[in-house]
Amino acid sequence: MIALDDVHKRYWTNRGEAVWALRGVSATFPARRNVAVIGATGAGKSTLLRLIAGIDQPTRGSIASDRRVSWPIGQTRGLQPNLTGRQNARFVCRIQGIGEERVGERVNFVHEFSELGEAFDQPVSSYSKGMRARLNFALSVAFDFDVYLVDENMGAGGGEDFFREKTRNAMKYLARRADLIIATHSERLVRSFCQSALWLCEGRGYWFDSADEAWREHARQVAA
């Protein structure tokens, strides 16, 4: 279970102004249920994933979890730009506690799945946004988690349809072996993978047991 209790998140602009991305979100994400996090652009979906992953901390409130949670698939902030793709993969293996005898196997998987070819041995700082997303996605599926956090930008392969199809198939595989929390504004993803939803609107969160009902409410709000 992952529980959010009165979670607030504030950012500061360059002009010293406070921007509240989240204003008191409370929700419980149960086990064995895929949940969509939906809302308009800028509603705080990606922020919420970073908080659940522990990459960022709430300004107020708390998040409790007894589950092994992935970093957000689709966000590339955790990659070390001065390291190569291969070095990043080895670095993540060490963080995840993979024994040295298994590191080579995991690194080879990341290399093959990402389809980066020779670029795998070049610094990540030289990668395009699509290449970074490929590496991030490959790293995510190379390790076992109880819950996979998926950003709507997942699998952005520079417009290459064959890689997008590959990531869709991988998503189906992940959904069979673990739970998903998907931050998205894609109706297709919501209806394909999710049973429940958390709708973010004006910084607040509204839980729906039915993802379809949540999407209808979100669509009505957008239309209005």
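With a relative accessibility of 8%, K9 counts as buried, where buried means under 20% relative accessible area, exposed means over 50% and partly exposed lies in between (1.4 Å probe, protein chains only). The structure is a predicted model, in which local features need pLDDT of at least 70 and side-chain atom pairs count only at pLDDT 80 or more, while totals for chains, interfaces and linings use all residues. Residues are numbered from 1 along each chain as its sequence is written, and side-chain values use heavy atoms, with hydrogens and water left out.

Side chains of opposite charge can pair when their charged atoms come close. K9 forms a salt bridge with D56, with 3.1 Å between the closest N and O atoms; the term denotes a side-chain nitrogen of Lys or Arg within 4 Å of a carboxyl oxygen of Asp or Glu. Because K9 lies in strand β1 (residues 2-12) and D56 in the loop between α1 (45-53) and β4 (60-65), the pair ties together parts that are 47 residues apart in sequence. Helices (H or I, at least four residues) and strands (E, at least two) are DSSP runs, numbered from the N terminus. A search of the whole structure finds nine salt bridges.

Another of these pairs joins D179 to R67, the closest N and O atoms being 2.6 Å apart. This pair links distant parts of the chain, since D179 belongs to strand β6 (residues 179-183) and R67 to the loop between β4 and α2 (85-95), 112 residues apart. D179 is buried, at a relative accessible area of 9%, whereas R67 is partly exposed, at 21%.

A network of salt bridges links E187, R191 and D212.

The side chain of D151 instead makes a polar contact of 2.7 Å with the side chain of S46. A polar contact is a pair of N or O atoms within 3.5 Å; within protein, one must be able to donate a hydrogen and the other to accept it, and residues adjacent in sequence count only if both atoms are side-chain atoms.
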